[in-house]
Amino acid sequence: MFDKRHHPSVWLRSIICAVVLLSAPQRAEASDWQLHGFLSQGFTISDGNNVNGDSSDGGGSFDFREAAVNLSWRPSPRILLAGQVASVRRGKVNTDDVALDYLLADYQAYQGNLGRVGFRAGKLKLPFAFFNESRDAVHSRPGILMPQSIYLDNDGARAFGYFSGWGAAVYGDRYYGRHNLAFELLGLSEFAVEDEAEISILRRPASGRFKHERGLLLRILDDIDGGRWRLALSISDSLLSYSAGNAPPFDQSGDFVLQQAFASVQHNREHLSLTAEIVRRRIKLGDLISHPAVSSHTDQDSFGFYLQALYRLPSQSAIFLRYDERLREMQDRNGHRQAAASGLPRHYFFGRDVTLGGNMDLTKHLGLWLELHLVDGVLWVNPLDNPDYGNGQAERHWSLVTAMLSYRF
Amino acid sequence: MLTVVAVLFISTAASGSEAIVNVSLQRDSVSLALLRGVFGMRVRLWPDGEPVRVFVLRDDAPEHAEFCKGVLRMYPYQLRQAWDRLVYSGTGQPPIEVSSLEEMRRRVAETRGAIGYLPSSPDIGQNEQIKVLHVR
């Protein structure tokens, strides 16, 4: 039932078992158990390129579904045990197998008048930027399609372990005048990268296999005046390995490094929220050597950002406007240099997306979302949903309308 | 003129909201930062060791908005976003939702470590099991 390729190390399992066994219930109440979840159905219609299924063939695509159920239990005041299983279908990018999303034991070691410190272990959601750890549900992320610059939705982020991973974390809060400074430091162990992700990352099938060996992630977040201003810095450093086949993209096995840095800022007023996030990603190929047939696989220094203004209307509804930009190479904003090197059109190396969106709560449990995207560039168009992508046929200027109905409890 | 001033004064005094806690709690006051942490569901036990149990009304209840804005100096949507982040990352639980002020009063009175809120009123202290938690 669960994704069998995610192997927690033995010590992590031991910690979780120990915490469960040692946490004898004290003053347990029914409310110490909580069950939540959601079921969302999306519709996408586009011209030019496909997103979430065959969205550009005239009738649109219903091939976007998201569902998750989570259970949490507080066996004693300091301890929280929680797990979530999810099933997501996004065209050919994510298949709808049921997968373990998170499963963790959390121990709050210290709580004082000025702050707290705690530990977590298990399969943890990755806390980077503002929304990564809560991106599963449409009502806790910025829209149906997230800003592709930061969150890599359409690249199959879930399949390459961008949502969660096995590891351990230490976290804390420190109250400091008007500030609540929060930090999380997370160490990740090894896991395999799924096939869909390989194609998304490389833009072509890989003959060998990728594996995430280990990683480190740190986020520092400052909530000022109860969140009127929110500032966050997140950095991550991951070591990945590639076991080569005998064909492109790489001729021999080796390790490579992915480094990411995010800066996030948000201003919240009663009706208006302004959000900006920025990312720089570096891929250092190290001892991986590209196959002679593939000249474009060199070190990458990519960049992205988005700006979003959201306005809350009466009756639990809101509208937003967003500009999102993602560049494959930071120093080649319009793709001229990469186009010359690869033979692909230059719009393959950037994605600029103007989004107008809105949402409305129909009931306490049921919500409706709607978005119009006007896109220039195809950097984040997924080759799995677009068979002509690899031969340079993807259309530069394209648009999509997407809607989502979501039930939550 | 005096009557108008008096009426204004009384109506101002009558509005507003107070945090209330179960009498088991050893303290009578709290910093705004810790109180925000409690209602943000990031504080699982009081510094004296009692487990924190938070009771709230529905997001769209006027008394909830009054408490958020008047006492926490936040907006209801900010709390909801904070709770959603916890639920979908497995790092916390949302508060217990009650359906009326009467239920709020009763649940806080009968639960050790409980915290909730009520509209400001001299009647709050009449229940011996609850007390007002002042914000420093």
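How many bridges join strand E3 to strand E5 in chain B, and do they run parallel or antiparallel? Two bridges join E3 (residues 53-56) to E5 (residues 114-119) of chain B, and the strands run parallel. Val54(B) stands opposite Ile115(B) in E5(B).

Hi everyone, some ground rules before we go on. This is a predicted model, so to speak of local features we need pLDDT of at least 70, side-chain atom pairs count only at pLDDT 80 or more, and totals for chains, interfaces and linings use all residues. Residues are numbered from 1 along each chain as its sequence is written, while chains are lettered from A and ligands numbered from 1 in the order in which they are written. Strands (E, at least two residues) and helices (H or I, at least four) are DSSP runs numbered from the N terminus, and two strands pair if DSSP finds at least two bridges between them.

Back to chain B. Its open sheet has six strands in the order E2-E6-E1-E5-E3-E4, with mixed pairing. At the edges sit E2 (29-30) and E4 (96-97), each pairing on one side only. Helix H3 (residues 62-72) of chain B packs on this sheet, touching E1 (17-22), E3, E5 and E6 (130-135). Contact here puts C-beta atoms, placed from the backbone, within 7 Å. The direction of H3(B) makes about 95° with that of E1(B); axes are lines fitted to C-alpha atoms, for helices over the stretch in contact, with angles from 0 to 180 degrees between N-to-C directions.

Now chain A. E10 (residues 229-243) and E11 (residues 254-268) pair in the antiparallel sense over 14 bridges, with Asp237(A) opposite Gln259(A). E11(A) also runs antiparallel to E12 (residues 272-284), joined by 12 bridges, and a hairpin of three residues links E11(A) to E12(A). There, Gln266(A) stands opposite Thr275(A).

How values were computed. Contact = placed C-beta atoms within 7 Å.
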